[in-house]
Protein chains: 2
Amino acid sequence: MEERGHPGLHSGESLLFLTDEQLRKGIEAMFFAYRGFTADPDRILSGMEYGRAHHRAIHFINRSPGTTVNNLLNTLGVTKQSLNRVLRTLIADGLVESRVGEKDKRERHLYLTPEGEALEQRLSDAQRARMRAAYRAAGPEAVAGFRTVLEAMMDPDMRRQYLSLREENT
Amino acid sequence: MEERGHPGLHSGESLLFLTDEQLRKGIEAMFFAYRGFTADPDRILSGMEYGRAHHRAIHFINRSPGTTVNNLLNTLGVTKQSLNRVLRTLIADGLVESRVGEKDKRERHLYLTPEGEALEQRLSDAQRARMRAAYRAAGPEAVAGFRTVLEAMMDPDMRRQYLSLREENT
DNA sequence: CTTGGAATGTCAACAAGGCTGACTTAAAAA
DNA sequence: TTTTTAAGTCAGCCTTGTTGACATTCCAAG
């Protein structure tokens, strides 16, 4: 049934008119929506000694338990020095556990401790609540479109990262 | 025909199942897509003496020429001290002009100079090119859904800001 | 006219979280 | 065994956010 996916020109609706103004509105929508997207976890974390960087690390360690530091580096797109500062505090505070690799002892494998999982829950509950409300308000077709456009906006490397996080569903 | 817009339960498709995993994927999509979204202007600005904060200021001054510092503050959601640092360099470098208000001389009205407009063009051309490619790849229905979900994700104040930027179209 | 409040701007100090560069240690390769 | 590579650490810098204190300028109310 020729789902969207290739951009070619079928039923005369492609090669769509895209005025600069329409594109600008999309850009601004991303800007304002991202503010909302990060607002709830930021609120929770301010007051604790953590920030958005800690949230991201916790999120992806939870997502891929046992991941190595290097994997996490690539996922987050930051330098190892920057990540290290965050990981050190999380490990020192007992939210993350770092285990030396068995096959390759140069690697460290990262896991959330029960305390780390508890914080992850608090943060992602808040973020998911906003997401859920937005999805419900927008409806399933809008949600599908939302995901489609976001995927198309990613750099190919990021998109691969993103897709490889599937595993459990979509 | 009862377009999406209210979340109620019509034709049995609302109250949609939203598993935590689906919501997590949406969260990750936002994260990775936002990286792509900012990548091109960031690349242009690194090497110049400017950063993302300058881009944002330039974008919204271009969008609403003559806006006051206070308006810009509210739009950007930063403190005046933070914005001031950015504006000072842009004004010193001749990219932005600050005119004392005629009615209320306390206010400063901000305009891009021709040089400022030139930089704005370079930056937004790059950002729009990515947006245009994503929109084309995803198709018009996906684009509508994308906008709908992003709007639903904003805080009400941000949504008002966002909508008040329309004027010229949608 | 004077005074209070609003809008703007400045200075200083600080924090978060990016970055680069230099280094240690462990593992792998020569 | 020696060299090279990879992972991780430490030190220091930059951008951009924050607060707080304060000066200036102006409008508007008394």
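Mentor: A helix here is a DSSP run of H or I over at least four residues, numbered from the N terminus. This is a predicted model, in which local features need pLDDT of at least 70 and side-chain atom pairs count only at pLDDT 80 or more, while totals for chains, interfaces and linings use all residues. Residues are numbered from 1 along each chain as its sequence is written, chains are lettered from A and ligands numbered from 1 in the order in which they are written, and side-chain values use heavy atoms, without hydrogens or water.

Helices H3 and H4 (80-92) of chain A, together with H2 (52-63) and H4 (80-92) of chain B, each supply at least two residues of the surface near DNA strand D, where near means that a heavy atom of the residue lies within 4 Å. By class the surface has 11 charged, 9 polar and 3 nonpolar residues, with Asp, Glu, Lys and Arg counted as charged and Gly among the polar ones.

Polar contacts (N or O atoms paired within 3.5 Å) illustrate both kinds of partner. A polar side-chain atom of Asn70(A) lies 2.9 Å from a phosphate oxygen, and a polar backbone atom of Thr79(B) is 2.7 Å from a phosphate oxygen, whereas a polar side-chain atom of Lys80(A) lies 2.4 Å from a base nitrogen.

Notes:
A polar contact is a pair of N or O atoms within 3.5 Å; within protein, one must be able to donate a hydrogen and the other to accept it, and residues adjacent in sequence count only if both atoms are side-chain atoms.
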